[in-house]
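This report walks through a few local features of one protein model, for a reader who meets it here for the first time. Please keep the sequence and the three-dimensional view at hand while reading.

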Amino acid sequence: MRRAGLIVAEVLAVLKENVRAGASTLDLEKIAEEETRKRNARPAFKGYRGYPYCLCTSINNEVVHGMPSKKTLKDGDILSIDFGVQHNGFFGDSAVTVPVGAISDDARRLIEVTAASLDAAIDKCIEGNKLTDVSAAVQKYVEFHGFSVVREFVGHGIGRELHEAPQVPNFGLPGRGIKLKAGMVLAIEPMINMGESAVKVLEDGWTAVTADGSLSAHFEHTVAITHERPYVLSKL
Ligand code: MF3
Ligand code: CO
């Protein structure tokens, strides 16, 4: 699973270098496809429940599952890129939100808080902790900083399937759910809105957007629980 996670990290790193005003999200999709093939991996999302692309590219008020298109990025946008692969039978899954050119201070703050909420969650991936210790860590951090947690989408177990039990919500009281054990692997993925937490799905059946039109950020890592520190499998 480390090899799958590393491929995801490497491809995301290449994609980040190609995020600029004037580039289209379909340009990024083509790069992702090629970089994945070079590494003898298979894009995990393409064909999953009929999803037609390797990447999910969600811009500004889009929360998750935005689809690559010919539309070009513009200065001041924020772009969430979500990407997964299957390699040697195992899956890796990760997401980042990146600025396009110069963004507002508020947008930068949203990105920072969302990234840090994932770090807070990862810190709870300790043997003996309960699953919702992870969930509660995200909610506490995010709400303290004045943003809101999306509730309709959750993280997940990951391994020989992209989505395995358990679901990993980004909110809730600590101390509930399964006990974390060495060998378990979770894909933790906070989706955080600048305004209210409500989302809606567009007519394309995939793109989730904030109900109030506010900006949204998304970070994800594939994290293994070990006898020692959490092992972030999708980090370079
Ligand atoms: N990271 C998201 C997830 O784990 C991306 C899934 S997109 C899909 O659910 F197309 F595969 F559904
Ligand atoms: Co995921």
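Asn-40 lies in the loop that connects helix H2 (25–38) with strand E1 (42–43). As this is a predicted model, the values given here describe computed coordinates. The phi angle of Asn-40 is near 55 degrees, which is a positive value in a residue other than glycine, and with a relative accessibility of 65% Asn-40 counts as exposed because the cut-off for that class is over 50%. As background, most residues other than glycine have a negative phi, and most peptide bonds are trans. The bond from Ala-165 to Pro-166 is cis, with omega near -5 degrees, and Pro-166 belongs to strand E8 (residues 164–168).

| Residue | Relative accessibility | Class |
|---|---|---|
| Asn-40 | 65% | exposed |
| Val-201 | 45% | partly exposed |
| Ser-80 | 2% | buried |

Ser-80 sits in strand E4 (residues 78–87), and its relative accessibility of 2% puts it among the buried residues, because buried means under 20%. The side chain of Ser-80 is joined to that of Thr-97 by a polar contact of 2.8 Å. When residues up to four places away in sequence are not counted, Ser-80 touches several others, including Cys-56, Thr-57, Val-96, Ser-216 and His-218.

Val-201 is part of strand E11 (residues 199–201) and is partly exposed, with a relative accessible area of 45%. Leaving aside neighbours within four places in sequence, Val-201 is in contact with Phe-153, Trp-206, Thr-207 and Ala-208. The C-alpha atoms of Val-201 and Glu-62 are separated by 9.5 Å, although the two residues are 139 residues apart along the chain.

Turning to the metal site, which residues coordinate the cobalt ion (ligand 2)? They are Asp-93 through OD, His-156 through NE2, Glu-189 through OE and Glu-220 through OE, at 2.0 to 2.3 Å. Along the chain these donors follow the spacing D-x62-H-x32-E-x30-E. Distant parts of the chain are linked here, since Asp-93 is in strand E5 (residues 90–99) while Glu-220 is in the loop between strand E13 (216–218) and strand E14 (221–224), 127 residues apart. Asp-93 is buried, and Glu-220 is buried as well. The site of the cobalt ion (ligand 2) has six donor atoms with angles of 65 to 171 degrees among them, and its geometry is irregular. For reference, the ideal angles at a metal with six octahedral donors are 90 or 180 degrees.

Strand E9 (residues 185–188) is covered on both faces, with Val-185 and Ala-187 on one side, Leu-186 and Ile-188 on the other, and all of them buried. In a regular strand the side chains alternate between the two faces of the sheet. Strand E7 (residues 155–157) pairs with E9 in the antiparallel sense over two bridges, and Gly-157 stands opposite Leu-186 in E9. E9 is also joined to E14 by four bridges, again in an antiparallel arrangement, where Leu-186 stands opposite Val-223 in E14.

Technical notes:
Residues numbered from 1 in each chain as written. Chains lettered and ligands numbered in written order. Predicted model: local features only at pLDDT ≥ 70, side-chain atom pairs only at ≥ 80, totals over all residues. Heavy atoms only, no water. Donors = N, O, S within 2.8 Å, 3.2 Å for Na, K, Ca; no water. Tetrahedral: all angles 85-135°; square planar, octahedral: opposite > 155°, others 65-115°. Buried < 20%, exposed > 50% of the residue type's maximum accessible area, 1.4 Å probe, protein only. Contact = heavy atoms within 4.5 Å. Polar contact = N/O pair within 3.5 Å; in protein donor to acceptor, adjacent residues only side chain to side chain. Pairing = 2+ DSSP bridges.
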